[in-house]
Every structure is written in C-alpha cells, then in structure tokens.
Amino acid sequence: MKNVILNIDGERVQVWAQVLGGELWLHFNGKTFIQDLSEGSRRRSKSGAAGSAKDIVAPMPGKILSVKVNKGDSLKKGDLILVMEAMKMEYSLKAPVDCKVKDVLCKDNDQVNLKQKLVDLDFGEEA
Amino acid sequence: MNNIEKIAIANRGEVAVRIIRACQEMGIATVLLHSEADENTVAYRLSDEVVCIGGAPIANSYMNIEKVIDGAKAAGADAIHPGFGFLSENAEFAQACIDNKLIFIGPTPEAISLFGDKISAKNLVKTTECPVIPGYNGEDQTEETLLKEMDRIGYPVMVKAAGGGGGRGLKVAHNSSEAKMAVESARREGINAFGSDRLFLEKYLGNSKHIEVQIFGDCTGKVFHLFERECSVQRRHQKVIEESLGNISPELRAKIHKSAVSVAEKAKYLGAGTVEFLVEGENYYFLEMNTRLQVEHPVSEMVMGIDLVKSQIMAANDQSVFWNQNDLTPHGHAIECRLYAEDPYLGGVPSVGKIGFCKWPYGPGRRFEVGFEEGDVITTNYDSMIAKIIVHDESRPRAIKKMIQTLKETVVFGLKTNIPYLLEILQHEGFVSGEMTTQFLANNFPKALEKEEDSEKELLIINALKKQMSAKPQQQGELKNPWYEESK
C-alpha cells in the first residue's frame with residue numbers, strides 16, 4: 001500500500017494506492033477507483049459483471065435462475081441478460097451497452113463459479 | 001445470584017468483537033465458538049479462547065444447537081451470548097442452555113416463543129394499550145362479511161390470500177368501490193396459486209415510517225425504555241441506515257414509549273429487546289418485538305450514553321443496572337451505516353475476496369464496529385457486512401455531514417463496498433428532510449447506481465499513479481564496497 005500526496009494544478013490530493021492481483025486500487029477525493037493493469041493502459045476501468053471484457057462473467061459464485069437471452073439476440077443497454085441467485089438473494093445481470101449476444105455459455109440451474117464466463121457479447125465495431 | 005466468569009460467544013463478525021470487548025472490560029473471560037471458515041477474523045484473534053464447532057455452513061456450526069452447547073461446555077463457560085441472528089431468537093436453544101446449566105444471555109425461552117409467533121404476540125399486545133395493525137382473520141369468509149370488515153378497518157386495505165407470499169394473491173383496495181374487485185381477484189389468485197380461497201385483511205400502511213423503541217428489562221423486573229430509533233431506510237426489508245432519535249412529535253414519542261414498555265412488562269421481559277412499530281402521521285401500530293440485541297444498538301448507546309451489551313450481561317448476572325428512567329436523557333443525534341462488501345453499480349451483488357488494505361478514519365464522534373481487517377477474507381458463506389460505522393454529533397444535520405466525511409475517508413481495497421450507495425442516500429433530499437418512509441429506497445433507488453465517467457482530473461491522477469505503481473524497481477548497480485572510500 002502506498003500513500004502519496006500529489007500536486008494537481010496547485011491542489012493537494014492525498015492518494016492511497018495498492019496493486020492487488022493485477023489491479024490497481026486507488027482512493028482519493030472520497031472515491032475508490034479500480035484499474036486493470038494487466039492489459040495496457042488503453043482501457044478505462046469499469047466495475048461490474050461486464051468488467052471491461054466482452055463477456056458477462058459471474059460476479060460471484062451462485063446459481064443461474066433464468067437466462068433471458070439467446071444466441072444472436074440484439075440487446076439494448078440495460079436489457080436483462082440473466083437472473084442469478086447467490087447468498088439467498090437474486091441478482092439481475094444486464095447489458096452494459098447496446099450489443100449482440102455472440103454465445104450463451106450457461107443454462108438455467110447451472111452452478112457457476114466466481115468470474116466464470118456466462119454470456120459472450122459482441123459490442124460491434126469498436127475503435 | 002449468578003456469578004459469570006466466562007462467556008461463550010455464539011456468533012461472528014463485528015458483533016462477536018463487540019461482545020468480547022465488553023467482557024474484557026468487565027473482567028470476564030471469553031471463548032469464541034466459531035466455524036472453520038472464520039479463523040481469519042478480528043473476533044478470532046481477540047478472544048481469550050476459541051473453539052471450532054464445525055464447518056462453514058451455518059447448519060453445521062452457528063445454527064447447530066448441539067455443537068454450540070458442546071463447545072461452550074467443553075470450554076467451561078458459564079454463559080452464552082448469542083449476539084443477533086443465528087440462534088439469538090431460538091427458544092429451543094435458550095431452553096437447551098438452561099438444561100445444560102448455561103446462562104442464556106437474553107430473555108426466557110417463554111418470552112422468545114411468545115414474541116416469535118406473530119399471532120401470540122398480537123394477542124398479548126391486544127391486552128395492553130398498544131395499538132396493533134387493524135385487520136380481520138376470521139372464519140366467516142363470505143364476501144358480505146369481508147366487505148363490511150374492510151369498511152370497518154378503513155381504507156386503504158390490503159387483501160391477502162392465506163398462504164400467499166411475494167406479492168402474489170395480494171391486492172390493495174384504496175376505497176370501498178375497489179373492495180369487491182380486490183376480494184374477487186385475491187381469491188382467484190389464491191385458488192390458482194395456493195389452492196385456498198381463504199383471505200385475510202389488514203390495514204395497508206404503504207406510507208409509513210419504521211420506528212422502534214429500545215427497551216430493557218432489568219433483573220428486578222423493572223422495564224426501561226431507551227428512546228427510539230428510526231430505521232425507515234430499508235432495502236428488501238433489510239435496514240441500511242439507522243438513526244436515533246426518530247423524527248416524531250413529542251406527543252407520539254411519549255405514547256409510543258409507554259406502549260413499548262407496557263408490552264415488555266406484560267411479558268415480564270428480561271434484558272435488551274426492541275418493539276418495532278409502523279408509524280403513519282400520529283398513528284402507530286405494533287409490528288413485532290425482537291427479543292435480542294439489535295444490529296443498530298450502537299445508535300441508542302451513543303445518544304443515551306449507555307452500554308447495552310454490558311447491561312445484558314449484568315441482567316443475566318442478577319445485577320441491576322445503574323439507570324433511573326428519569327435520568328435517561330438523550331443527547332444529540334446518532335447515525336449508523338452498515339458497510340457491506342458488495343458492488344453498488346451491480347445492484348448490490350456481494351463482492352467476495354481478501355481485504356488488501358483498509359483504513360478506518362477515527363475522529364471525534366466516529367465509532368467503527370469492525371469484524372474484519374487487512375488480510376481477512378469475506379466469503380459467500382455468511383452475510384457480507386464487514387463493519388458498521390456510527391457517528392454522533394449535536395444535531396442531525398451535523399451527524400449527516402460527519403457521516404459523509406467519514407465514509408469518504410474510509411478506504412477499503414480488495415473488495416467493493418456500498419459506500420457510494422450510502423453517500424447517495426445521505427445526500428438525497430428525501431433523507432435529508434427526514435421525511436423518508438419504508439418505501440424510500442424502493443421509490444428512489446430502484447436500480448443499481450450508474451457509474452459516472454472519470455473526470456479529466458481523476459484520469460490525470462489515475463494515470464500518474466498507474467505509472468508509479470507499475471514501474472519496475474530500478475536495477476541496482478554493482479554494490480560499492482563500504483569498507484573503502486573512492487578507490488585511489
């Protein structure tokens with residue numbers, strides 16, 4: 001863990017930083033940021049199921065209750081992809097952006113592990 | 001007269017730490033009864049002794065009466081503190097403690113069963129002045145009777161199919177013209193979904209506050225009230241932010257305290273308990289009584305200047321508390337936020353893993369109830385609450401500002417937390433105004449938080465740190481020999 005004070009345009013900013021498993025965790029100005037260090041610095045950080053990759057991964061171990069999409073479906077941002085259950089609670093995983101379903105890698109009642117790929121998405125032509 | 005010298009703690013997380021600390025300050029030895037999954041926790045390190053009672057699943061450990069009792073006996077404990085959750089409101093467990101000559105720190109098994117059953121609880125409350133939610137659950141199920149009862153209860157009225165749940169077979173009639181339709185439709189759904197056409201009626205309180213009164217029955221039979229808490233900020237019936245005192249009129253306050261005490265007195269209640277109410281305007285209705293220490297007990301402790309856990313131990317030890325009801329005066333305002341390991345941008349999906357680093361920003365009026373520290377692992381075995389943050393200040397506006405500042409300074413790496421969600425709530429007009437009802441979160445935060453794009457300045461800082469943190473350590477040159485100055 002590193003605690004540094006940066007000077008940004010004459011303003012003092014205290015930053016807490018730690019590298020954990022290929023991710024850089026930062027805390028400053030009351031917010032926490034997570035950056036993936038493993039694949040260059042091109043990508044922006046995004047938390048969540050979609051992560052920054054093009055597939056939906058299980059955010060935690062649990063059971064798939066119902067898959068709402070099929071291969072080839074076109075999705076709008078926020079469309080429901082699947083519902084899973086973990087720790088006795090239900091969670092809905094939704095499309096992070098407009099996209100197409102390239103492949104569905106799980107089915108109803110599957111037990112899934114943390115970070116297991118569930119659905120492969122095609123985000124279209126992206127720069 | 002009991003003489004408790006060693007207490008077994010049948011719980012985990014931050015409440016186990018809370019109990020161990022109270023015992024240590026009272027000169028009582030502690031033994032933590034833990035599961036295999038809980039060796040990397042603060043309570044495990046802090047307790048005088050530990051006994052592993054079983055595997056991670058709660059049925060094999062924390063919910064297993066036999067294993068808990070065996071563990072306590074093996075360690076030679078005199079008493080068991082159940083904390084909250086798990087076996088804390090299990091009458092069979094309280095009885096098993098007594099049968100094994102262990103003091104159960106809590107009420108009698110009879111009081112637990114009495115309040116554990118909704119019908120017997122309601123029947124007891126009906127013998128006091130305390131109002132219950134008006135309703136009808138009679139044998140006469142003719143439409144005529146039901147409609148007459150609905151008019152008597154007063155609209156809006158909720159029509160529920162017996163055996164219903166999860167919103168199915170549940171209809172709300174807002175006035176008498178909707179009554180017939182609500183009865184017919186609830187009955188249809190009841191028959192289709194549960195094979196029963198039996199209905200019951202209850203006044204619909206869709207716009208109510210959750211107000212609860214902390215009570216305490218001491219060993220002499222005297223029941224104290226320790227003012228009230230406001231816990232309307234709930235998500236799926238789980239409290240997220242709790243406060244003391246509540247935003248109620250002095251008249252209502254006096255009535256609700258009196259009612260809470262009368263309910264506890266009627267049950268000859270011993271120890272800490274909470275009488276929960278739904279409040280709409282100046283009307284209040286008994287909801288249920290919790291026969292245990294509550295998660296949110298610290299806000300009452302801060303405002304009242306008392307220690308509920310030590311008082312519980314004293315009551316179990318046949319010692320009377322030092323209080324006098326007239327001297328119990330609240331001071332200022334306290335707020336508690338439950339810190340969960342979860343992803344607020346994913347609608348609260350638990351975030352499991354190892355805590356890489358954490359910093360609790362201590363300061364005046366800031367209290368941290370922490371169950372896990374750096375290096376500890378949050379698993380999917382249990383609840384994902386990692387800590388409770390409580391602040392106390394002279395007024396509610398100050399306490400809100402203090403909580404916002406405290407949360408912003410709190411650092412947790414390795415796990416995502418609900419801090420961004422808590423900050424949004426604390427700054428929401430509906431919360432700041434104090435007008436929030438139990439529907440507040442469902443109405444205002446129906447979806448997961450939207451992640452904001454990082455600002456220019458934030459990106460600047462992120463990139464600067466990225467460079468610093470990913471830089472390889474500098475290659476060291478050949479070591480100079482410190483025995484000699486520059487070679488000649």
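## A walk through chain B

Let's start with the open sheet of chain B, which has eight strands in the order S14-S13-S10-S11-S12-S15-S22-S20, paired antiparallel. Keep in mind that you're looking at a predicted model. At the edges of this sheet sit strand S14 (283-290) and strand S20 (366-370) of chain B, and each has a single partner strand, so one side of each has no neighbour in the sheet. On average, neighbouring strands here are turned by 25° against each other, direction ignored.

Now zoom in on one pairing. Strand S11 (residues 223-235) and strand S12 (residues 238-244) of chain B run antiparallel and are joined by four bridges. Look for B:Arg235: its bridge partner in S12(B) is B:Gln238. The sheet also has a helix packed on it, namely helix H11 (residues 308-316) of chain B, which touches strand S10 (209-217) and strand S13 (271-280) of chain B. The direction of H11(B) makes about 125° with that of S13(B).

Stepping back, chain B is divided into domain 1 (6-105), domain 2 (135-203) and domain 3 (209-444). Taken over C-alpha atoms, the centres of domain 1 and domain 2 of chain B are separated by 44 Å.

Finally, turn to the partner chain. Here 25 residues of chain B are in contact with 32 residues of chain A. On the side of chain B that touches chain A, the elements giving two or more residues are strand S17 (349-350), strand S23 (411-413) and helix H16 (456-470) of chain B. H16(B) gives the most, with nine residues. By class, this side of chain B has 14 nonpolar, five polar and six charged residues.

Conventions: Residues are numbered from 1 along each chain as its sequence is written. Chains are lettered from A and ligands numbered from 1 in the order in which they are written. This is a predicted model: local features need pLDDT of at least 70, side-chain atom pairs count only at pLDDT 80 or more; totals for chains, interfaces and linings use all residues. Two residues are in contact if their C-beta atoms, placed from the backbone, lie within 7 Å. Ala, Val, Leu, Ile, Met, Phe, Trp, Tyr, Cys and Pro count as nonpolar, Asp, Glu, Lys and Arg as charged, and the others, Gly among them, as polar. Domain bounds come from an automatic or database domain assignment. Two strands pair if DSSP finds at least two bridges between them. Axes are lines fitted to C-alpha atoms, for helices over the stretch in contact, and angles run from 0 to 180 degrees between N-to-C directions.
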